[in-house]
Amino acid sequence: MILPNNYLNKQIHAAPLAVFRICFGVMMLASIIRFWANGWIEKLYIAPKFHFSYYCFEWIKPLGVYTYVLFIICGLAAFCIAIGFKYRIAILAFFLSFTYIELMDKTTYLNHYYFISIVSFLLIFLPAHKYFSIDTYQQKKEFLNIPKWTIDSIKLLLGIVYFYAGLAKLNSDWLLRAQPLKIWLPSKYDIPFIGQNLMQQDWFHFAMSWGGMLYDLTIPFLLFYKRTRFIAFIVVVFFHVFTRVLFPIGMFPYIMIVATLIFFDAKFHQKIIKIVRNVISKLPYRAQSKNLSETQKVEFYRFEHKSIISLVVIPFFVLQILFPWRYLLYPGELFWTEQGYRFSWRVMLMEKAGSTNFKIVNKKTGAFFMVDNTDFLTSFQEKQMSFQPDFILEYAHYLGDHFKSQGHQNIGVYAESYVALNGRLSTKFIDSTIDLYQEKESFLHKDWIIPFSSTIKIKGI
C-alpha cells in the first residue's frame, strides 16, 4: 500500500493532535489513579496465587509489591504525555508499562485496554508534542501545522473500532434474539424512571440491540462528515453515558467520548487550547507564561522519517483491519470456542457462564480426587476460567505441575465442564475423556472442545 505524496505532504493545524494528546494523558492518569484507589492492584495482581497468561507472553508476570512501581511509572508517563514533557520518552514508557500491565493476567482483559495499548503505540510515531507542550517551550520552537495523515490515522483507528464493533453485532443472537441484552437489562430494575418500565419490555431489548448495531456501523461516517458531525457527537455522548449508567464498564465511555473530539476541525481545538492557555496564565507561576511569547512559531513541520509510514504505520493498520477476521481459520462457533475472539472489538456480545471442575487421576491405578478451585483461584478467576478454553487448559497444566511437585505420579488432568451461552441451557463444554495435561497450547484448533449444540446465524466478524 503506497500513499500519494500529495496526501503525505498535506499539512493541517496541529491543535487537534495536541488536544488529543492532552486528553489521552489526563484520561490515562485518571484511570491509573482510579485503579489504585479501588485496591485493584492488590486484588488482581498481588493477592492471587496463580495468574492466567497470554500464549507467547507467559514470561510476563506480576512483580509482587513492585507492581505498584510499574503503575507509578505508567501514571507519571501519562502525566508527562498530557503536558508534553519529554514526550517521546513518556509515550514509549507508557506504552511499555501499560501493555505489560495488560499482559500480566488475561483474566482482566477488556477491549478498551487493548485500544489504549494500540493508540499509545501509534502515538509513539506521531508529532503530538510539536504544539502546545512543555517540550516546545523548552526548545523555543512550536510548529503550527503538521502532516494531515497524523491526525487522520487516529480517526481511522477510531473508525475501525466502531465499525468492527458494529459488524460483530450482525449475528442472530444479537439481532433476532436480543441476546444478551434480554438477560442483562431486566436486572436494571432499580434505575430511576426507566428501570421498572423500559428495562422489562421485550421491544426495548430489541430496540437497544438494533440501535447499538446501527450506531456502531454508522457513527464513524457521521463523524467524518462535517454536516452531521455535531449531531453525531451528541449521539456519541448520549450513547456512552447511557451505557455507563446501565453497565459497569469503567472509564471506557469517557475515553471514547473524549477521543471522538479529534473529528472536529482545528478551529474547535484551537478554542480549547485558548481556554487552557488562559487558565495557565492565571496560575501563580506567571513567569512561565512569558515563554509563550518567546517561542518561535514555525509554519510547517516536515515529517523527518517517512520510512516509518511504510515500515510501521501502514503495516499497523493492515494488521488492525485483518486481525479480527482470524476466527475464520477455525472451525466451530466463535462464541463457543472463543478462538479468535479477543482483540477484535467484540464488545458485550455474550452472556456466558460455566461450571468447570477438575479431576486428578493416577493413570496407572485409576485412583483420583477432585480439585477445589478455591484453593488456587480467586472467585473472579474461577468465573473467567469456567467458560474459556485457553483458561481451562492453562489451569489444567498448572494443577498437573502443582500435584506433580507434591509427589503424585502418572498424573492425568480431566475437566467436567458445562457452559451456558446467551440464555441457552447449559451443555457439556469439554471432552471429559481427554487428558488436558497432555494437550499443548498453540494457535491450532482445540479439538477437545465439544461442538456447539445450537446455531448462531448471520455473521459480521
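What is the volume of the largest cavity? The largest cavity has a volume of about 70 Å³, where a cavity is a set of points on a 1 Å grid over the protein atoms alone at which a 1.4 Å probe fits but cannot get out, and lining residues have an atom within 4 Å of a point. Grid points are joined across faces, edges and corners, and a volume is the space filled by probe spheres set on the points.

The structure is a predicted model, in which local features need pLDDT of at least 70 and side-chain atom pairs count only at pLDDT 80 or more, whereas totals for chains, interfaces and linings use all residues. Residues are numbered from 1 along each chain as its sequence is written, and side-chain values use heavy atoms, with hydrogens and water left out.

The count comes to three cavities of 30 Å³ or more. The largest is lined by Phe-20, Cys-23, Phe-24, Met-27, Met-28, Phe-115, Ile-255, Val-258 and Ala-259, and by class this lining has nine nonpolar, no polar and no charged residues (Ala, Val, Leu, Ile, Met, Phe, Trp, Tyr, Cys and Pro count as nonpolar, Asp, Glu, Lys and Arg as charged, and the others, Gly among them, as polar). Helix 2 gives the most to the lining, with five residues; helices here are DSSP runs of H or I with at least four residues, numbered from the N terminus.

A nonpolar core is a set of buried Ala, Val, Leu, Ile, Met, Phe, Trp, Tyr and Cys residues joined through side-chain atoms within 4.5 Å, and buried means under 20% relative accessible area, with a 1.4 Å probe and protein chains only. Leaving aside neighbours within four places in sequence, Leu-123 is in contact (heavy atoms within 4.5 Å) with Phe-20, Phe-24, Tyr-87, Arg-88, Ile-91, Ala-128 and Ile-154.

Tyr-87 and Ile-91 are among the buried residues of helix 5. Twelve of the 17 residues of helix 5 are buried, so this helix is largely enclosed by the rest of the structure. Its buried residues pack against helix 2, helix 3 (40–46), helix 4 (67–83), helix 6 and helix 7 (134–139). Helix 4, in turn, has buried residues that pack against helix 2, helix 3 and helix 5, and helix 4 is followed by Gly-84, whose phi is positive, near 70 degrees.

A pocket is an open set of points with protein on both sides within 12 Å along at least five of seven lines. Of the 45 residues in this lining, Tyr-54, Tyr-55, Phe-57, Phe-343 and Phe-443 lie nearest the centre of the pocket, and by class the lining has 22 nonpolar, ten polar and 13 charged residues.

A last stop is Pro-180, in the loop between helix 9 (172–176) and helix 10 (181–184). Pro-180 is buried, with a relative accessible area of 0%, and its C-alpha atom is separated by 5.7 Å from that of Met-350, 170 residues apart along the chain.

Definitions and conventions: Buried means under 20% relative accessible area, exposed over 50%, partly exposed in between (1.4 Å probe, protein chains only). Helices (H or I, at least four residues) and strands (E, at least two) are DSSP runs, numbered from the N terminus.
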